[in-house]
There are 4 protein chains.
Amino acid sequence: MAQYRILIDANDEKGLVYKVSSIFFEKNLNILTNNEFVDKVNGKFFMRSVVEGDVEASELKELIQKALPKASNVNVIEPAKKNIVIMATKEIHALGDILVRHEEGELDANILGVISNYDNLESFVSKFNIPYFTISHEGLGRAEHEEKILQKLSEFEDIDYIVLAKYMRILTPRFVEAYENKIINIHHSFLPAFIGANPYKQAYDRGVKIIGATAHFVNNNLDEGPIISQEIIHVNHAYSWKDMQRSGRNVEKIVLSHALKLALEDRIFVYANKSVIF
Amino acid sequence: MAQYRILIDANDEKGLVYKVSSIFFEKNLNILTNNEFVDKVNGKFFMRSVVEGDVEASELKELIQKALPKASNVNVIEPAKKNIVIMATKEIHALGDILVRHEEGELDANILGVISNYDNLESFVSKFNIPYFTISHEGLGRAEHEEKILQKLSEFEDIDYIVLAKYMRILTPRFVEAYENKIINIHHSFLPAFIGANPYKQAYDRGVKIIGATAHFVNNNLDEGPIISQEIIHVNHAYSWKDMQRSGRNVEKIVLSHALKLALEDRIFVYANKSVIF
Amino acid sequence: MAQYRILIDANDEKGLVYKVSSIFFEKNLNILTNNEFVDKVNGKFFMRSVVEGDVEASELKELIQKALPKASNVNVIEPAKKNIVIMATKEIHALGDILVRHEEGELDANILGVISNYDNLESFVSKFNIPYFTISHEGLGRAEHEEKILQKLSEFEDIDYIVLAKYMRILTPRFVEAYENKIINIHHSFLPAFIGANPYKQAYDRGVKIIGATAHFVNNNLDEGPIISQEIIHVNHAYSWKDMQRSGRNVEKIVLSHALKLALEDRIFVYANKSVIF
Amino acid sequence: MAQYRILIDANDEKGLVYKVSSIFFEKNLNILTNNEFVDKVNGKFFMRSVVEGDVEASELKELIQKALPKASNVNVIEPAKKNIVIMATKEIHALGDILVRHEEGELDANILGVISNYDNLESFVSKFNIPYFTISHEGLGRAEHEEKILQKLSEFEDIDYIVLAKYMRILTPRFVEAYENKIINIHHSFLPAFIGANPYKQAYDRGVKIIGATAHFVNNNLDEGPIISQEIIHVNHAYSWKDMQRSGRNVEKIVLSHALKLALEDRIFVYANKSVIF
């Protein structure tokens with residue numbers, strides 16, 4: 001028996017659930033989970049079902065597509081390890097959390113490699129038998145540097161997600177467009193507060209009582225892509241900004257790993273610069 | 001156009017969503033929200049839909065019932081104010097939170113009255129023009145006292161929920177059975193920790209770093225009914241148990257009001273001493 | 001035996017704790033709680049002690065002042081009910097939470113009155129036997145309107161704090177300066193995110209997964225005064241901005257009441273547009 | 001200039017802060033942080049100061065001890081890496097979190113070794129160049145097995161803390177007494193709820209809406225030692241107990257690492273089966 005994750009988004013109209021569920025019934029499929037959401041403001045329908053049964057993915061997709069209005073998007077996905085590349089700079093915590101989870105078998109992913117603009121993390125990453133590529137930006141323009149990274153990325157086949165685990169350089173539109181809704185970033189603030197550089201310093205200066213972290217897809221506007229997950233911790237006047245940074249790492253790594261897990265399980269729809277998450 | 005909340009629970013089998021959604025489609029209903037859950041362990045299916053359209057509640061219920069297996073439970077509810085009675089003892093906070101929300105129009109409820117075993121809260125409640133009934137337990141056995149309360153309750157018609165807003169006496173099986181899954185209690189601990197009397201004192205003695213509150217339906221085993229909602233706050237060594245009690249009140253009132261809101265919106269299924277909440 | 005709250009802030013130097021505690025010892029005072037904090041960045045020392053003993057407040061203050069460097073600020077406060085005025089617009093929840101807590105005896109305050117630019121809340125407030133003053137802004141310039149409010153405020157004696165319980169109009173510098181660090185506002189967002197109008201709408205549009213509320217002192221820059229307290233709740237794609245607003249009210253009222261409590265207990269120092277809270 | 005952490009606990013009486021701070025002043029020490037707490041119920045005084053200056057630890061300790069009542073405990077600690085041994089069974093997450101933090105330089109500790117009753121984690125731990133000792137319980141009585149572990153532990157010198165990173169066997173009184181208030185355990189529930197085996201299964205069966213984790217010192221009563229740190233996450237009806245277990249791991253590792261950090265920084269006092277944490 002095969003298992004499929006079926007993701008549908010469509011313009012909302014009556015009968016969509018009926019049409020999809022009638023196919024499930026017809027093909028004698030067992031529904032494991034079923035989630036729907038209608039965005040009334042934008043008139044959009046979202047559905048994610050996990051089903052089991054004896055049917056080919058291609059046949060199932062065709063049946064659903066035929067039953068739904070033309071503009072609908074239908075994905076029938078067989079659960080399988082996804083291919084990810086991690087980009088980092090110098091910090092271990094977020095990267096390390098992903099590597100340990102991977103080791104533990106918690107992440108349904110192949111980690112094809114780690115790319116960094118420094119070599120600091122190489123010995124750490126190599127403990128895990130994962131290829132490490134130092135691509136220094138030293139002496140290069142932003143475009144040139146990215147060109148070298150894009151070149152390296154092109155050597156991997158079928159990258160599902162690029163995870164920016166505290167990669168501290170801004171990506172150009174060209175890079176972002178090449179991997180639309182495939183780049184997951186962790187921003188070390190509770191967005192949209194403290195956009196930009198050194199958010200912990202900004203948070204300290206502002207005297208906030210809570211700090212946070214935000215995992216989001218990267219789009220062309222820095223720190224303004226669709227938010228996937230956010231979490232916070234309480235701080236007080238006794239925290240220096242270094243203390244905030246240190247404490248913030250706990251949230252950063254948990255939030256990034258959580259967002260990655262949602263992505264690997266095909267739980268995220270992106271629409272109108274937001275995420276719908278089942 | 002009428003709006004209905006449809007609540008279904010059934011033994012799980014293939015085609016349930018299809019059968020229900022085909023009726024929605026046939027009757028040209030607009031689905032506002034739709035939630036399903038299958039408890040694989042117990043083989044139970046739960047569904048809550050909010051629909052709009054031109055159909056009678058009775059007809060809709062009949063159609064769904066006919067389409068589903070015999071043992072299924074189908075409720076078709078027209079959103080309307082529900083009738084509630086509040087029971088309290090001496091503390092204002094949980095009771096007051098409900099009365100203020102009611103005043104604000106946030107609760108879809110008629111508050112038929114407040115019953116207490118003391119008269120302390122009478123002047124407060126009467127500010128809100130809500131009938132207050134002091135039924136003292138002084139000099140009465142538990143059964144006698146409850147008899148008088150049951151008598152008073154019987155004078156109201158169609159009580160949907162009884163809310164125990166810090167009512168500090170234990171109810172007998174007879175009382176509980178008379179209002180099965182209709183009595184919502186707030187327990188001032190993070191159940192199942194600190195069952196029984198004076199949980200804040202217990203929590204203080206144990207040196208916990210977190211305290212909480214639990215809203216639950218009342219059944220015959222004290223503090224062991226189905227949990228609806230829980231919330232916590234952090235404490236530390238500097239909290240006396242009185243401090244914990246004082247801080248705990250913030251959580252108690254929020255959790256109880258939240259649970260009441262879920263009940264008033266027909267979002268709760270009770271099954272196997274647990275709640276399924278959409 | 002008298003009880004005093006002693007608040008000291010000074011330029012940091014060696015021996016401050018020694019000098020203060022030697023006076024406590026000399027005067028045979030019992031220390032109930034004692035908190036110190038040194039802001040290393042700004043070289044500032046903060047101390048709050050609660051002591052008991054047989055000494056006059058004025059004598060104690062003089063002794064401490066003499067022992068410390070000239071520029072130090074010393075406050076010796078006898079715990080007593082503080083005088084507060086609440087300003088509101090149309091919403092009940094934050095105002096109601098304060099009134100119920102007041103009724104419950106939880107707030108060490110005299111509520112001198114409630115001022116609103118609408119009469120909507122009058123019947124609610126009058127239940128609590130608290131004077132209500134409608135000062136409409138209708139047809140008035142901002143300055144004129146504020147002049148009338150300032151006039152009303154001047155009729156009360158010794159206002160300790162003005163609480164803006166969802167007062168939805170911006171105060172001018174003139175007003176703010178008249179009550180420096182005495183005006184406590186609740187902003188319905190997790191500042192500094194979503195400064196300005198309709199933060200829930202902004203939060204919805206941004207697709208955040210967490211919303212919050214911030215209590216702060218009001219200064220001349222809108223929403224940029226020293227933060228006292230912040231709290232958050234999780235939301236998801238299924239929340240409309242009205243849902244966010246409704247859920248947000250729970251946090252708003254808890255945060256505002258908490259900030260007020262801290263102020264009434266003389267626990268807040270304001271320095272460098274931040275708060276130090278013991 | 002030397003830096004010291006000074007930890008004092010004493011029977012409460014007037015003048016303690018004065019006596020200690022006068023020594024700081026006399027020896028011209030710079031106070032970096034200073035925390036005091038008085039447990040009024042038990043009449044106990046706790047103080048932790050971090051100071052800098054030109055003085056020997058031994059002299060400082062002697063001075064303070066002489067100044068305070070005889071029964072007082074005074075510790076003057078020079079910040080230095082502490083020696084820890086980790087015990088684990090089969091799970092990676094809590095152990096891995098400590099190893100990555102150690103690698104990152106976040107933990108002020110030498111990890112002398114990892115002891116497990118299985119060899120499953122050996123290849124993982126050896127990546128970090130940390131000695132791994134499999135001491136199987138296979139075919140051994142509890143006492144015999146522990147004897148072998150105690151033997152191994154005795155080979156290390158000066159163990160400051162033993163960290164049970166999901167070590168799934170119960171320790172006997174003999175073992176516990178040998179390392180009193182030196183064994184830090186993570187219990188995968190929000191203690192005191194769900195004491196004993198398989199707490200996630202218990203939590204699932206009870207239908208809770210929140211699960212948690214508790215780090216505590218181990219004493220002779222299973223899961224009843226002094227609590228150091230607790231944290232929770234929200235769950236709902238859709239979580240199987242395996243889902244709870246999976247999600248719970250995030251909390252477990254964060255809570256355990258946090259407790260370890262507090263211990264390494266000498267921030268914890270243990271008294272009356274509770275912890276005072278500065």
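How much area do chain A and chain C bury between them, and what percentage of it is on carbon and sulfur atoms? This is a predicted model, and in it the two chains bury about 2700 Å² between them, with 60% of that area on carbon and sulfur atoms. Three residues of chain A deserve a look here: A:R206, A:K209 and A:H237 together supply 26% of the area that chain A buries against chain C, more than any other three residues. In terms of contacts, 33 residues of chain A meet 33 residues of chain C.

What holds your attention next may be the polar side of this interface. Between chain A and chain C the count of salt bridges is zero, while 16 residue pairs are in polar contact across the interface. If you trace the side of chain A that touches chain C, you will find that β2 (30-39), α7 (199-206), β11 (227-234) and β13 (274-277) each supply at least two residues. The largest share, seven residues, comes from β11(A). By residue type, this side of chain A divides into 17 nonpolar, eight polar and eight charged residues.

Now turn to chains A and B. Chain B superposes on chain A by a rotation of 180° with 0.0 Å of shift along its axis, at an RMSD of 0.0 Å. The two copies are therefore related as by a two-fold rotation axis. To find that axis from chain B, go to B:Y18, whose C-alpha comes closest to it among the residues of that chain, at 2.9 Å. The same surface serves both copies, as 100% of the contact residues of chain B recur in chain A.

Let us step inside chain C for a moment. Leaving aside residues up to four places away in sequence, C:E252 touches C:H93, C:K166, C:I186, C:H188, C:Y200 and C:A213.

One joins the side chains of A:K66 and A:E62, at 3.9 Å from N to O. These two residues are four apart in helix α2 (residues 57-67) of chain A, so about one helical turn separates them. A:K66 counts as exposed because its relative accessibility is 65%, whereas A:E62, at 49%, counts as partly exposed.

Compare that with the pair in chain B formed by B:R5 and B:D266, whose side chains meet in a salt bridge of 2.8 Å, N to O. With a relative accessibility of 10%, B:R5 counts as buried, and B:D266 counts as buried at 9%.

Chain B also holds a salt bridge between B:E106 and B:R101, with the closest N and O atoms 3.2 Å apart. Both B:E106 and B:R101 are buried. Finally, salt bridges that share partners join A:E91, A:K166, A:R249, A:E252 and D:E104 into one network.

Terms used. Residues numbered from 1 in each chain as written. Chains lettered and ligands numbered in written order. Predicted model: local features only at pLDDT ≥ 70, side-chain atom pairs only at ≥ 80, totals over all residues. Heavy atoms only, no water. Contact = heavy atoms within 4.5 Å. Buried area = accessible area lost by both parts, 1.4 Å probe. Salt bridge = Lys/Arg side-chain N within 4 Å of Asp/Glu carboxyl O. Polar contact = N/O pair within 3.5 Å; in protein donor to acceptor, adjacent residues only side chain to side chain. Nonpolar A, V, L, I, M, F, W, Y, C, P; charged D, E, K, R; others polar. Least-squares fit on C-alpha atoms with pLDDT ≥ 70 in both. Buried < 20%, exposed > 50% of the residue type's maximum accessible area, 1.4 Å probe, protein only.
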